[in-house]
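Please walk through this structure, region by region.

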Amino acid sequence: MTRILGIETSCDETAVAVVEDGRLILSNVVASQIDLHRQYGGVFPEVASRQHVVTIVPVIREALEQSGLAWRDMDAVATTYGPGLPGSLLVGLNVAKGLAWSQGVPLVAVNHLEAHIYANWLALPGQPLEPPPAFPAVCLVVSGGHTLLALMSGHGAYRVLGQTLDDAAGEAFDKVARLLGLPYPGGPSIQQAAKDGDPAAFALPRAWLGDSLDFSFSGLKTAVLHLVEDSEAIGRRGRKLAAPLPAGVMRRLAVPDLAASFQDAVVDVLVEKTRRAASEYRAAEVLLAGGVAANERLRTRMRQALEVPVRIPPPSLCTDNAAIVASAAYWHFQRGELAPWSLDIEPNARLPQNARVA
Ligand code: KG4
Ligand code: ZN
């Protein structure tokens, strides 16, 4: 039995978890900073790192206490080394080093994108564990900072099939929410506003990019910007419309309609490219990951559209948490992949690509 204490501080959640054998969550504590950053309309990096300094020790204490275990029961300490905000990553990484050193256990370094994928190996406490995902799996990672499709042929074996050329899907949600005057974080606000909206109200662009499995969301964001700027309702004027408003739509912008139309434009592209990747690479399963995978419309449409089984973690495991770090760390630990004491952060780290993948 292997128990790993995982630490996650790559962005604005201070999170610590204890996970057994990569799958069983013994505790998963997340101290969210959302209330702190809302006044800025997004994550304020220095505020985030300083808040991690304030919160990290109480969160570690709580996670250990909730697990019902003691330090001597831990086999390793794991931490995210990147990608993420430099100041935020430094806090988690340094605390993890200090803990591992003082407790005499190994340190395991985890890539944040890989951690998101491992949400698919976990179950919420009290929920039964499903059989583990089958390989090869096509993974769609959609978060605030990243959007990519990867082929996973085994534990730690990835090949990136496509990624965003500009904004991440979550970033598009956050920026469009801001344009529409909806509160941060944008994803949940747009999902809520879209419930009363008509997704066919606005014909927004979808960047198919030919046969490519890459993504682009900046054109869509700009299209929304132009609609908003022309709107008398929201009151920002002074710019010509890029395209005329659809017939029958008044110049007064309906925020729910625009939110629903935007959400569907993002979901259409994510679903279709994932479907294509799953068929091209004969995926046994499709695994969703990252904060945007919490989106209800995406979850429903993905399940409807794909012929292969689609696995989608519960929303609380899609967004940042440390159980996903402790889970991914388990397989590194099993393979003897321990971090050196000289481990540094990598704010721009990519998903590790592995030569074993054909
Ligand atoms: O994975 P995550 O928690 O942090 C990063 O690693 O970036 O993802 C955060 C992103 C934010 O952009 C947020 O707006 C988005 O996930 N998000 C959602 C939803 N919940 C969170 N986007 C769409 N619908 C949601 N329900
Ligand atoms: Zn994340």
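In which loop does Pro83 lie? Pro83 is in the loop between β4 (76–82) and α3 (86–103), where helices (H or I, at least four residues) and strands (E, at least two) are DSSP runs numbered from the N terminus. The peptide bond that leads from Gly82 to Pro83 is cis, with omega near 0°. A cis bond also joins Phe135 to Pro136, with omega near -5°, and Pro136 sits in the loop between α4 and β6 (137–142).

The model is a predicted one, in which local features need pLDDT of at least 70 and side-chain atom pairs count only at pLDDT 80 or more, while totals for chains, interfaces and linings use all residues. Residues are numbered from 1 along each chain as its sequence is written, chains are lettered from A and ligands numbered from 1 in the order in which they are written, and side-chain values use heavy atoms, with hydrogens and water left out.

Positive phi values come next. Asp21, in the loop between β2 (13–20) and β3 (24–32), is a residue other than glycine with a phi near 50°. Asp21 counts as partly exposed because its relative accessibility is 29%; buried means under 20% relative accessible area, exposed over 50%, and partly exposed in between (1.4 Å probe, protein chains only). Leu209 is not a glycine either, and has a positive phi of about 55°. Leu209 belongs to the loop between α6 and α7 (218–230) and, at 34% relative accessibility, counts as partly exposed.

Helix α5 itself spans residues 169–179, and its buried residues are Ala169, Gly170, Ala172, Phe173, Val176, Ala177 and Leu179. These buried residues pack against β6, β7 (147–154), α6, α7 and α8, contact meaning heavy atoms within 4.5 Å.

Two of those partners, α6 and α8, also pack on each other. Helix α6 (residues 186–194) and helix α8 (residues 255–280) have axes 7 Å apart, at an angle of about 115°; axes are lines fitted to C-alpha atoms, for helices over the stretch in contact, and angles run from 0 to 180 degrees between N-to-C directions. From α6, Ile190, Gln191, Ala193 and Ala194 meet Pro256, Ala259, Ala260, Phe262 and Gln263 of α8. The residues of this contact are seven nonpolar, two polar and no charged, where Ala, Val, Leu, Ile, Met, Phe, Trp, Tyr, Cys and Pro count as nonpolar, Asp, Glu, Lys and Arg as charged, and the others, Gly among them, as polar.

Strand β9 (residues 285–289) contains Val286, which is buried, with 0% relative accessibility. Leaving out residues up to four places away in sequence, Val286 touches Val138, Thr274, Ala278, Leu306, Val308, Pro309, Val310 and Arg311.

His112 and His116 are about one helical turn apart because they are four residues apart in helix α4 (residues 112–117), and both are buried.
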